[in-house]
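Hi there,

Here is the structure I promised to pass on to you. Please open it first and have a look around, then read my notes below.

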Amino acid sequence: SSVGIDIAPAAITRAKSRYFGVNGTLDFYAMNLCHEALRSRKFKVLIDRGCFHTIPVADQPRFVQNILSMCDSSARVLLFCRAY
């Protein structure tokens with residue numbers, strides 16, 4: 001199963017309509033990972049596609065803690081960020 005998370009509800013609505021009927025399990029959540037996490041789920045792979053570098057510095061520790069709370073003990077995290 002795969003999970004998509006975005007802070008923008010419109011992005012989640014678009015993803016749900018675009019991938020409706022795709023084989024496999026796809027779940028989508030509109031949430032702010034600086035303030036909450038999917039604590040009931042543990043993932044082996046997490047991919048941040050351009051979010052971390054846009055988060056205010058004061059919110060980054062909470063974001064990291066929430067991501068870590070969703071990691072399986074052998075999880076890998078792939079972080080894409082813009083180089084300046």
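**What I found**

Let's begin with Phe 63, which is buried, with a relative accessible area of 8%. Please keep in mind that this is a predicted model.

Phe 63 sits in helix α2 (60-69), while Phe 52 lies in the loop between β3 (43-49) and α2, so the pair ties together parts that are eleven residues apart in sequence.

Now turn to the surface. Val 45, Ile 47, Leu 78 and Phe 80 make up a nonpolar patch there, and together they have about 400 Å² of accessible area. Strands β3 and β4 (71-80) each give two or more residues to this patch. Phe 80 is found in strand β4 and is partly exposed, at 42% relative accessible area.

Finally, have a look at helix α1 (residues 9-18). Which of its residues are buried? They are Ala 11, Ile 12 and Ala 15. These residues cover an arc of only 100 degrees around the axis, which puts them on the same side of α1. Their cover includes β1 (2-6) and β2 (26-30). On the other side of α1, the exposed residues are Pro 9, Ala 10, Thr 13, Arg 14 and Ser 17.

Note on methods
Residues are numbered from 1 along each chain as its sequence is written. This is a predicted model: local features need pLDDT of at least 70, side-chain atom pairs count only at pLDDT 80 or more; totals for chains, interfaces and linings use all residues. Side-chain values use heavy atoms; hydrogens and water are left out. Helices (H or I, at least four residues) and strands (E, at least two) are DSSP runs, numbered from the N terminus. Buried means under 20% relative accessible area, exposed over 50%, partly exposed in between (1.4 Å probe, protein chains only). Patches are made of residues with over 30% relative accessible area and no salt bridge: like charges are joined within 9 Å, nonpolar side chains (Val, Leu, Ile, Met, Phe, Trp, Tyr) within 5 Å. Accessible areas come from the Shrake-Rupley method with a 1.4 Å probe; for residues, only the protein chains shown count as cover. A salt bridge is a side-chain nitrogen of Lys or Arg within 4 Å of a carboxyl oxygen of Asp or Glu. The arc is that of the directions from the helix axis to the C-beta atoms. Contact means heavy atoms within 4.5 Å.
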